[in-house]
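Let's explore a protein model together through a few questions. Take a moment to look it over first.

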Amino acid sequence: MAAAILFAEPMATLVRDWWTDSNAGYGLLLAPLAVWLAWRAGLAPDRAPNVWLGTALLALAVLLRYLGGLAAEQFTLRFSMVVAAAGLAVFAWGTVQVRRWWLPLTLFALSIPLPVVVTNTLALPLQLKASAIGAALLEWRQVPVRLAGNIIQLPGRQLFVTEACSGLRSLTALLSLGVLLGGISLRTWVGRALLVAVAIPVAIVVNAIRVFLTGFLVYFADPKLGEGFIHLTEGWLLFIAAFALLGCLAWAAGLVESRLVPRRSNA
């Protein structure tokens with residue numbers, strides 16, 4: 001009850017952002033999924049309370065909650081809830097339960113939007129990378145193009161690769177999907193880490209292809225195809241293709257694991 005009262009405010013603001021901020025909307029899917037995975041995993045048969053460590057984690061969560069509130073720093077404030085959830089699990093059932101619930105706890109942590117300073121730091125390099133690859137692909141298709149930062153100059157028209165087109169949103173979603181697929185379909189931490197790592201270039205390449213397709217359609221078909229419903233639909237289709245590609249990679253990694261790793265090994 002005390003934890004519910006203490007963390008009610010950060011939870012309420014987090015749900016509000018999931019609902020109102022399109023960049024954080026993936027939390028509406030990740031959080032219920034985390035709850036379901038925790039319910040499906042259940043309690044570890046060899047669980048045993050670890051009062052001291054659980055108390056220490058709960059104290060750390062309260063400290064983070066206090067410092068986050070003092071500094072009005074939303075990420076720290078919200079991350080304290082993940083630490084508190086892990087602390088409660090350790091207090092009641094021990095560290096073995098946290099290991100059993102590593103996937104739902106990780107997904108819950110991933111559902112928390114990154115701090116603005118981090119997103120601003122990541123967005124610009126991703127914008128420039130998507131612009132550079134997209135322009136290179138357009139040149140490869142004999143489209144006259146000139147690149148200046150994140151502005152692609154086409155004959156009679158400019159394409160501005162905005163922050164929303166940086167791919168950061170799809171990168172976050174694909175990283176979460178990589179964690180989910182790795183946790184469900186793979187048995188080794190090496191395989192899971194590789195799958196998550198692969199999600200990064202997949203997100204960058206898919207976003208660059210979106211920039212290329214936009215420029216290609218604008219130049220060869222109609223400038224109106226670079227905006228509005230068509231542009232949005234193009235983004236969703238490529239995003240689904242990226243999901244499918246990551247699913248195929250997880251399936252292939254599972255096959256490799258089944259050949260190389262003994263069934264009961266947890267290496």
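Q: How many aromatic pairs does a search of the whole structure find?
A: This is a predicted model, and the search covers the whole structure. Two rings pair if their centres lie within 6.5 Å. The number of aromatic pairs found is 4.

Q: Is the pair of Phe 212 and Phe 216 stacked, edge-to-face or tilted?
A: The ring centres of Phe 212 and Phe 216 are 5.7 Å apart, and their planes meet at 45°. Planes under 30 degrees apart count as stacked and over 60 as edge-to-face. The pair is therefore tilted.

Q: What separates Phe 212 and Phe 216 along helix α10?
A: Both residues belong to helix α10, which spans residues 189-220. They are 4 residues apart there, so their separation is about one helical turn.

Q: Which is Phe 212, buried or exposed?
A: Phe 212 has a relative accessible area of 13%. Buried means under 20%, so Phe 212 is buried. For Phe 212, then, the word is buried.

Q: Are α4 and α5 roughly parallel or roughly antiparallel?
A: Helix α4 (residues 51-71) and helix α5 (residues 74-93) pack at an angle of about 165°, with their axes 8 Å apart. Angles over 145 degrees count as roughly antiparallel. The two helices are therefore roughly antiparallel.

Q: How many residues of the contact of α4 with α5 are nonpolar?
A: Leu 57 and Leu 58 of α4 are among the residues making this contact, as are Val 83 and Phe 91 of α5. The contact residues also include 7 polar and 1 charged. The nonpolar ones number 14.

Definitions and conventions:
Residues are numbered from 1 along each chain as its sequence is written. This is a predicted model: local features need pLDDT of at least 70, side-chain atom pairs count only at pLDDT 80 or more; totals for chains, interfaces and linings use all residues. Side-chain values use heavy atoms; hydrogens and water are left out. Axes are lines fitted to C-alpha atoms, for helices over the stretch in contact, and angles run from 0 to 180 degrees between N-to-C directions. Angles under 35 degrees count as roughly parallel, over 145 as roughly antiparallel, 65 to 115 as roughly perpendicular and the rest as oblique. Contact means heavy atoms within 4.5 Å. Ala, Val, Leu, Ile, Met, Phe, Trp, Tyr, Cys and Pro count as nonpolar, Asp, Glu, Lys and Arg as charged, and the others, Gly among them, as polar. Rings of Phe, Tyr and Trp (its six-membered ring) pair if their centres lie within 6.5 Å; planes under 30 degrees apart count as stacked, over 60 as edge-to-face and the rest as tilted. Buried means under 20% relative accessible area, exposed over 50%, partly exposed in between (1.4 Å probe, protein chains only).
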